[in-house]
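Open the model in your viewer and keep the selection panel at hand.

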Amino acid sequence: MSTTAGQVIKCRAAVSWEAGKPLVIEEVEVAPPQAGEVRLKILYTSLCHTDVYFWEAKGQTPLFPRIFGHEAGGIVESVGEGVTHLKPGDHALPVFTGECGECPHCKSEESNMCDLLRINTDRGVMISDNQSRFSIKGKPIYHFVGTSTFSEYTVLHAGCVAKINPAAPLDKVCILSCGICTGFGATVNVAKPKPGSSVAIFGLGAVGLAAAEGARISGASRIIGVDLVSSRFEGAKKFGVNEFVNPKDHDKPVQEVIAEMTNGGVDRAVECTGSIQAMISAFECVHDGWGVAVLVGVPNKDDAFKTHPVNFLNERTLKGTFYGNYKPRTDLPNVVEMYMRGELELEKFITHTVSFSEINKAFDYMLKGESIRCIIRMEE
């Protein structure tokens with residue numbers, strides 16, 4: 001047992017007091033884990049666009065004060081009663097979704113959408129008792145997607161913590177907690193392009209670049225990047241993207257442009273923007289007879305997908321995916337091993353590193369479109 005097990009820990013956390021305002025480094029009290037929970041010491045965390053989206057609080061229920069952050073790597077400090085797959089000292093990745101191991105989804109080989117622990121962006125408390133484990137002078141501070149990694153210590157449900165190889169560098173593999181697995185898995189687990197095939201990637205942010213990396217590793221010969229920002233094209237070449245289309249450069253729908261480029265359509269398309277028009281284009285740009293399109297981006301709540309049913313009758317397939325179809329506890333350790341074997345490159349996703357006290361710089365980099373992933377080093 002660790003010397004701090006069972007005790008309240010005082011540590012630094014970057015607290016968001018109100019929407020869109022800079023985070024403030026505060027001393028917070030982190031309660032010990034209850035039954036089925038784990039307290040993690042976070043060593044590295046990174047900023048994902050989802051953090052920025054909820055920090056801006058545009059279009060969802062604002063919940064403040066809150067500790068954001070959900071991509072991270074750390075070491076288990078203590079575990080609550082009944083936790084058997086983790087012990088103090090284990091290296092681990094926290095994940096915004098989980099694997100309880102008991103529900104029909106967890107028992108299915110085809111699903112990773114755990115009934116108990118799937119993402120809930122509105123919940124700001126722990127599942128077991130509807131209480132927060134964070135407080136400042138007795139006032140509770142809300143959690144974010146069950147992770148809240150912008151804190152030196154955080155408490156999670158044990159099903160949302162994946163034990164990994166202790167030799168893996170946490171400042172690299174921490175980015176597997178969310179965006180990289182989401183895009184990479186969408187390609188390798190769901191789209192499954194064959195060697196020599198053609199793949200269109202819609203959106204060249206971090207998730208889209210990870211999807212492109214999946215196409216590259218799968219042996220796709222033509223990887224077509226589609227984005228409204230042409231300045232992203234040069235950097236995307238490092239991820240295997242070898243052709244580019246900016247829809248603004250054409251006076252016809254981009255799906256028609258791609259169909260002409262590829263003699264009838266690409267074999268696979270992966271959509272990583274959340275734009276409903278991009279989703280429709282991604283589906284309509286795949287080849288009839290065998291084409292598969294995979295939707296990754298999260299649309300606005302009022303969006304509706306419209307396409308002619310004949311597109312399905314002509315044997316095009318449309319799929320969706322959540323977190324790249326990875327089960328966090330079962331599959332994440334294997335993705336880390338892919339990196340350790342040199343099969344998956346993570347360094348090229350990391351464009352910036354800042355200390356914890358400079359965390360607001362990470363938001364600036366992302367808002368300016370300068371970063372793919374910015375690593376935040378917890379120790380100064």
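Start by colouring domain 1 (9-177 + 346-377) and domain 2 (183-321) separately; these bounds come from an automatic or database domain assignment. This is a predicted model, in which local features need pLDDT of at least 70 and side-chain atom pairs count only at pLDDT 80 or more, while totals for chains, interfaces and linings use all residues. Residues are numbered from 1 along each chain as its sequence is written, and side-chain values use heavy atoms, with hydrogens and water left out.

The centres of the two domains, taken over C-alpha atoms, are 30 Å apart. Now select the interface: four residues of domain 1 are in contact with seven residues of domain 2 (contact means heavy atoms within 4.5 Å). About 550 Å² is buried between the domains, and carbon and sulfur atoms give 69% of that; buried area is the accessible area (1.4 Å probe) that two parts lose on being put together, summed over both. On the domain 1 side, pick Lys348, Phe349 and Ile372, which supply 85% of the area that this domain buries against domain 2.

Next, show the side chains of Lys348 and Glu213. They meet in a salt bridge, 2.8 Å from N to O (a side-chain nitrogen of Lys or Arg within 4 Å of a carboxyl oxygen of Asp or Glu). The rule finds one salt bridge across the interface of domain 1 and domain 2. Lys348 is in the loop between helix 10 (328-340) and strand 16 (350-355), and Glu213 is in helix 5 (residues 206-218), 135 residues apart; helices (H or I, at least four residues) and strands (E, at least two) are DSSP runs, numbered from the N terminus.

Are these two residues buried or exposed? Lys348 is buried at 12% relative accessibility, and Glu213 is buried at 0% (buried means under 20% relative accessible area, exposed over 50%, partly exposed in between; 1.4 Å probe, protein chains only).

Glu345 is partly exposed, at 35%.

The structure holds 21 salt bridges. For another, select Lys163 and Asp90, 3.9 Å from N to O. Lys163 lies in strand 9 (residues 161-163) and Asp90 in the loop between strand 4 (71-79) and strand 5 (91-94), so the pair ties together parts 73 residues apart in sequence.

Finish at helix 1 (residues 49-56), where Asp51, Val52, Phe54 and Trp55 are buried. Their cover includes strand 3 (37-46) and helix 11 (359-367). Just after helix 1, Ala57 takes a positive phi of about 55°.
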